[in-house]
Amino acid sequence: MILLGLVSMVIFLGMPKLVENMDPEMRAEWEENQKKNPMNALMGGGGAPAASNFDMAAFLAGTSAKKEESSGDAAASTGGGAQQGGKKRRG
């Protein structure tokens with residue numbers, strides 16, 4: 001466990017030094033590859049507007065803002081929509 005912590009600290013402290021001492025051409029290539037990285041969109045780096053307004057709760061619920069706006073208008077026109085969806089009871 002201690003070894004794992006030490007290795008991660010060496011990487012954490014050593015990586016900026018390695019990038020700092022890189023050849024300018026190699027550094028430009030490395031930065032370009034970092035921009036193309038698909039994880040960058042999730043981490044919020046490099047101009048990712050899609051990830052910046054991501055709503056995890058809506059994603060997990062299976063809805064989105066566009067669907068809510070359109071269904072909200074439909075619910076208002078049908079009188080609240082309390083009975084929309086689900087099973088109907090026999091009376």
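Read along the sequence, our protein runs α-α-α-α-α-α. That comes to six helices and zero strands, where helices (H or I, at least four residues) and strands (E, at least two) are DSSP runs numbered from the N terminus.

A word on the source, friends: this is a predicted model, where local features need pLDDT of at least 70, side-chain atom pairs count only at pLDDT 80 or more, and totals for chains, interfaces and linings use all residues. Residues are numbered from 1 along each chain as its sequence is written, and side-chain values use heavy atoms, with hydrogens and water left out.

Now, confidence. pLDDT is the predictor's confidence in each residue, from 0 to 100. The mean for the protein is 74, with 57% of its residues reaching 70 or more.

Next, burial. Of the 91 residues, 5% are buried; buried means under 20% relative accessible area, exposed over 50%, and partly exposed in between (1.4 Å probe, protein chains only). The protein exposes about 8,500 Å², and carbon and sulfur atoms supply 61% of that. Those areas come from the Shrake-Rupley method with a 1.4 Å probe, and for residues only the protein chains shown count as cover.

Let's look at α1, then. This helix is hardly covered: among its 19 residues, the count of buried ones is one. It bends by about 35° at Gly14, and a proline, Pro16, follows within four residues. The bend is the angle between axes fitted to the seven residues ending at a residue and the seven starting there.

Which residues make the nonpolar surface patch? They are Leu3, Val7, Ile11, Met15 and Leu18, and the patch is about 510 Å². For patches, residues need over 30% relative accessible area and no salt bridge; like charges are joined within 9 Å, and nonpolar side chains (Val, Leu, Ile, Met, Phe, Trp, Tyr) within 5 Å. Leu18 sits in helix α1 (residues 2-20) and is exposed, at a relative accessible area of 58%.

Finally, the salt bridge: a side-chain nitrogen of Lys or Arg within 4 Å of a carboxyl oxygen of Asp or Glu. The count is one. Arg27 pairs with Glu31, their closest N and O atoms being 3.4 Å apart. Both lie in helix α2 (residues 24-36), four residues apart, about one turn of the helix. Arg27 is partly exposed at 32%, and Glu31 is partly exposed at 37%.
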